[in-house]
Structure formats: C-alpha cells, structure tokens
Amino acid sequence: MKTCLFIIIFLISCTWFSDIQEPSGFIQVKGSDTLVNAAQKLAEEFMKEYPYIFVAVTGGGSGVGIASLINKTTDIATASRRIKDKEKKIAKKWKVIPYEIIIGFDGVAIIVNKKNPIEKLTIRQLHDIYTGKIKNWNQLGGYDSSIVALSREVSSGTHIYFKERVVQLDKRENKEEFSSDVLLLSSNQAIVEEVASNPQAIGYVGMGYLSPRVKALAISDRGDYFLPTPQNVIEKKYPLSRPLFMYTNGEPRGIVKIFIDFVLNEKGQKQVEEVGFVPLEK
Amino acid sequence: MSPKLQRIKESILEFFIKASGVLIILFVILIFLFLLKDSLFFFNSYSLKEFLTQGKWLPISEPPIFGIIPLLLGSIYVTFFAIIICVPLGIGCAMFIAEVAPSFLKNILKSFIEILAAIPSVVLGFIGIVWLGPLVKRIFSIPTGMCGFTGSILLAFMALPTIISISEDALRSVPYTYKEAAFGLGATRWQALWRVVLPAASSGIIAAIMLGIGRVIGETMVVMMVTGNSPVIPSSILEPLRTLTATIASEMGETVRGGLHYFALFSVGLILFIITFIINFLADLFLHRSKK
C-alpha cells in the first residue's frame, strides 16, 4: 500500500515537474507521401530532444494533408506542392488561414547512359519522349536507336509531379497520359541500374539518387539549360525542382512552433538532407 | 499411464489435428469471401464489362480506367514462356535423377535443387536487373532487357525445383515390374524409360507442371523487378509487360483505403485467386489419379 502511494506521488510529481521544465503535448503531422519519410525522421529526432512532445506522422497525400488542416484534424500538413486556390477558398470558409513554410527543395534529375551523346533537353522534348511522340534518339540528335523511357510506379509522388509538370506541361485542362510504352519501375534504384546498363534508356530520379554511373541532363524550360545541382535548385533555375512545404493554421504557436523551428534549424535541415532532399541553404 | 488417461490424451490430440485441418479450409474460404466482398464494392461503381474488356490500365487518371486485359495477358505470357523453358528441363532432370544417375550424383543433384528452391526471389530479381536483363538485350538486340522474356527465364528457375521433385516422385513410384516387363521384351534402357515409365508416371508429371504454373503465376517480386511493368497489351514476349501480381504489389501502398483504386486491386486479386485455385485444383485432380 505504502509503495503504491509512493509510486502515485512519484508519477504525479513527474508530470508536474515536466509541466514546468519541459514543453509537452501532441502534434499531428499529416500529408505528402513524398515527405512522409522525411517527416518521420524529423519527428524521431525531435522527440529525442523534446521527450515530452509526441509527434505522430501520417501519409495519405498532399491533398489529404491540406484537407485535414482545413478540417482541423491535423496541426501540420506536409505537401510536395503549393496549396491550390480552390483549397484556399475552402479554408477561408472554415476560418482556417494556411500558413506556408518551405522546409526544403527537391530536384527531379533526368538521367541517361554515359554512352549517350545527348547532353541537354527541353521540357517540350521530354514531354514528347514520355508521351511517345519522339521514339528515336536520332530525332534529338543522338544515335539511331529507339528510346526506352523509364518512369516510377504510380504510387510514387514523383510520378505524379512528373506527370503534371512534363506529361501535362502544368496545364490543368491537359489530359495527356504517359505513353503506355513507358516502363514503370518500382524504385529509383532500378531506374539507375537500367540507365547505367542501357545506352537507349532515359529516366527520372530524385536528386539524391544521382550517381557517377549515369549522366544527368541539363534541362531547359524556356531559354538556358541547367544541371540538377543543389545550387540550381535553390536558385530556382533548374526547371524540374519543387519546394517542399509544411502548412499550419495561422502562424505556428506553442509546441507547433517549437517543431517548425526544429525543422528549419541546422539539425532539422540535416535530416531533410539525409533523406535526399535539398536543404534550405547550403 | 492408465488406459483412461491415454484415451483422453488421444482424443485431445485428435481434436487439435481436426481443428487445424478445419481451420485451414476456413482460412481459404475467408480469404475468398474477403476478396469477393471488396471486389463487389468495386463493381458497384465500375462496370464489370469495362473491367474485363478495356485495354488500358490507368488507375490514377481522371477518370481512372481499370482494364484487366493488359495485366492478365502479361501474366499469361510470362507464365507460358516460363513453362516452355522449365518443363523440358525439369522433366529431363527428373528422369536423370530417378533413372540414370548413380546414387552419389543423385544426392548431390538433389541438394543443389533444394538450394535452388531456397534462393530468395528478390535475389533472382537483382540478378535479372544487373546481369540477365542486359544479356537478353544483347542477344536479341532489343531496346531493353526489361521484358517478359527475362522474367520468364527467372520464373522458370523458380519453378524448376517444384517440377523436378514432384515428377521425380512420380517416376520413382512407377512399379519396378513395369520396367522388368519391358526389359523382358527386349527393350533398351532408353526405350523402357521413354515408352513405359514416362507414360505410366504421366499424371504425376502433369500435376508437377500444374503446380509449377501455380508457382510462376503467383510470383511477384521477380516480375516486378525485371519485366518493366508497362501496362500495354503485349504483342511479343520480348516487350515490357505488366503482370497481375506486380500491379497489386506496386500500387497497393498508394491507394486510399476504401477508394475505387483500392477495391480495383482487390478485384485483380480475386481474378488471381480464381486462376491459382483452378490450377491447383487441376493439379490435385491429376495427382489423385496418379496415386490410384
């Protein structure tokens, strides 16, 4: 009986002290599948430093994250795309003010075999390759051999980004699809392997997967060509780069602010970099 | 131990054995009902006719198109060629082990076949990506080695142990008197093997082939890694194609639980279940006949 009482008193004092000394609470992070690994890693590191704040991370997709933010079922929404005007309007109706925080960048690199003489492509040419309008490398100034276009599986966030940016050229009314001849590979690594061994192949991977065994192409939207380097991604010169977002309802406050600050500081940015994204400043 | 206690012990044991038997059947039925339930949800909002006749699989488009034909044909192509490769090899090997090989060689061969069965499929897939794919590309001078044929070769390797061990059993269970009779009539060893033993073991061998098909059509990892996964209606085995299993494995992670795409994948699973069920049923039928 005595020990029982003692334990209870001990536990109460624990929570009491922790209230004073350490911030505590529960943060829900929901959204982008592209970012789910990064968010999970950030949460784990964060909880090592603030053991009384529990961070729960769920995926579901950028749209799901933003919808949950509007429904007030999540504190932070992660997204690999900017919030749409339509979503902003709905948010206003529900008196939610989405506050945008850029937590890092991601560049999508276009890779070919080292034997391929092609060094650069325009977005338009990429579009024609992936929709099946260009089928031979000699149409682009390369050898006379057919093009083997590689893509990620439909479960990949990068697949959707690439589809919107390149296949549909960022036009919402454009309903074009990947040509059905495009190979769908299950991982970034598989794409790198095939490109490294096949001179006819072309593929896209996250920048983190670039290796000396393949050649990254310089890409141009309108005008100059840029290579997928962290510098070009930060300066927004590389056309296939995208910022990665977190959204909160209004300016972050309390423990949410502590978490966001952690994400943006050196330690958090190191985690962002480790999962293969470009940190804010390098 | 008193006889009474013995009897109680026996009845408890009997109960457990019975229960495990019934449980297995129950599991299969439950899995089937589960797949059926989710597929029915799918066919509530997507027409069965479209599902079976559309030639396109575009699950994340607006509106999505779920046509199973490319996937079904992909699976059939890969399986067909895998069987063409592994049946002659497997039966030849079984004949050699059962009838020709001296006993020390027999043991070595058998243990190697067991090792072959133990290779994880992801390892075979990796070999396919880095070595076999480029080789196939070079030999046939095709644009990419990520095609159905590469998958077929690897799947043939995976089905070989099944085919060899079951057909070897079938060959060995042919009564020795058959052979003696053949020899007595002046048949050579080859004639006895080819004209007498092989036909006598035929239903066991057919069962072995059926089980091999079941193994091949349900395999996921290898085909996902090496066949390129393009959802096209394949016109040749040397083109990239997408199988039923690879589709489920690679798309399941992304679907929203309770969404149309989610249920569509369950329908694909149902089709696969029905196919493997029929194949296994046929195999069982043949095995049963060979035992008689």
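Chain B is divided into two domains: domain 1 covers 3-45 and domain 2 covers 71-291. The model is predicted. Chain B also touches chain A, with 23 residues from chain B and 21 residues from chain A in the contact. One helix of chain B, α5(B), comes up again and again below. It gives four residues to the side that touches chain A, and it has a kink centred on Gly128(B).

**The two domains of chain B**
- The C-alpha centres of domain 1 and domain 2 of chain B are 29 Å apart.
- Eight residues of domain 1 of chain B contact eight residues of domain 2 of chain B.
- On the domain 1 side of this contact, five residues are nonpolar, two are polar and one is charged.

**Where chain B meets chain A**
- Three elements of chain B give two or more residues each to the side that touches chain A: α5 (121-140), α10 (221-226) and α11 (244-251).
- The largest share of that side comes from α5(B), with four residues.
- By class, the chain B side has 13 nonpolar, seven polar and three charged residues.

**Helix α5(B): its shape**
- α5(B) has 20 residues.
- Its end C-alpha atoms are only 25 Å apart, while a straight helix would reach 28 Å at 1.5 Å a residue.
- Where is the kink in α5(B) centred? It is centred on Gly128(B), and the bend there is about 50°.
- Just after α5(B) comes Ser141(B), which takes a positive phi of about 35°.

**Helix α5(B): its buried residues**
- Gly128(B), where the kink is centred, is also buried.
- Other buried residues of α5(B) include Leu124(B), Gly125(B), Ile129(B) and Leu132(B).
- Further along α5(B), Gly133(B), Pro134(B), Val136(B) and Lys137(B) are buried too.
- What do the buried residues of α5(B) pack against? In chain A, they pack against α7 (188-197). In chain B, they pack against α6 (148-172) and α10.

**A helix pair in chain A**
- Two packed helices are described by the angle between their axes and the distance between the axes.
- In chain A, the axes of α9 (residues 254-264) and α10 (residues 266-274) come within 4 Å.
- These two axes cross at roughly 65°.
- α9(A) makes the contact through Phe262(A), Val263(A) and Leu264(A).
- α10(A) makes the contact through Lys267(A), Gly268(A) and Gln269(A).
- By class, this contact has three nonpolar, two polar and one charged residues.

Note on methods. Residues numbered from 1 in each chain as written. Chains lettered and ligands numbered in written order. Predicted model: local features only at pLDDT ≥ 70, side-chain atom pairs only at ≥ 80, totals over all residues. Domains from an automatic or database assignment. Contact = placed C-beta atoms within 7 Å. Nonpolar A, V, L, I, M, F, W, Y, C, P; charged D, E, K, R; others polar. Expected span 1.5 Å × (residues − 1). Bend = angle between axes of the 7 residues up to and from the residue. Buried ≥ 20, exposed ≤ 12 C-beta atoms within 10 Å, placed from the backbone. Axes fitted to C-alpha atoms, helices over the stretch in contact; angles between N-to-C directions.
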